[in-house]
Amino acid sequence: MTIIHLIWQLLPRNAKKLVARSFYNYLSSREKEGTVTFLNYGYAPVTIPALDVLNSARTQLYEEVAAAVQLTGKAVLEVSSGRGGGAAYLMQAHRPISCI
């Protein structure tokens, strides 16, 4: 376990929220090229083809959830605080009629 993990475990919940929010805002302000499309930590092991190696574990998280239901031809509500990568993946891989 790294020192960062140990410090994180010792932080109170409200401090963790502040750190996470600050990190999100920092990443969003620095990323100008549109290459960061997922803001989740991902899921392992990765079992889907890696269309985007940088985001393969993050895409896998969406696949783990989406594989439980049939999305083709259905309207999907994707609730997140990300940047649209998950919604784009769902539209490409599972072909819902719409994804909001």
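**View 1. The buried residues of helix α3 (residues 56-66) are S56, T59, Q60, Y62, E63 and A66.** Looking down the axis of α3, these buried residues stay within an arc of 160°, so they line one face of the helix. That arc is taken from the directions from the helix axis to the C-beta atoms. "Buried" means under 20% relative accessible area, with exposed over 50% and partly exposed in between (1.4 Å probe, protein chains only). Helices (H or I, at least four residues) and strands (E, at least two) are DSSP runs, numbered from the N terminus. Part of what covers the buried residues of α3 is α4.

Before we go on, a word on the model: it's a predicted one, where local features need pLDDT of at least 70, side-chain atom pairs count only at pLDDT 80 or more, and totals for chains, interfaces and linings use all residues. Residues are numbered from 1 along each chain as its sequence is written, and side-chain values use heavy atoms, with hydrogens and water left out.

**View 2. Here's T59, which sits in helix α3.** T59 counts as buried because its relative accessibility is 10%. Skipping residues up to four places away in sequence, T59 touches F38, I48 and Y89; a contact means heavy atoms within 4.5 Å.

**View 3. Now for helix α4 (residues 85-94), the place where you'll find H94.** The buried residues of α4 are G85, G86, A87, Y89, L90 and H94, and they pack against α3, β1 and β2 (98-99).

**View 4. Zoom in on H94, whose side chain makes a polar contact of 2.8 Å with the side chain of E63.** Such a contact is a pair of N or O atoms within 3.5 Å; within protein, one must be able to donate a hydrogen and the other to accept it, and residues adjacent in sequence count only if both atoms are side-chain atoms. H94 has a relative accessibility of 13%, so it counts as buried. Leaving out neighbours within four places in sequence, the residues in contact with H94 are E63, A66, A67, L71, T72 and Y89.

View 5. pLDDT is the predictor's confidence in each residue, from 0 to 100. Confidence is lowest in helix α2 (residues 13-30), at a mean of 85, and highest in strand β1 (residues 75-76), at 94.
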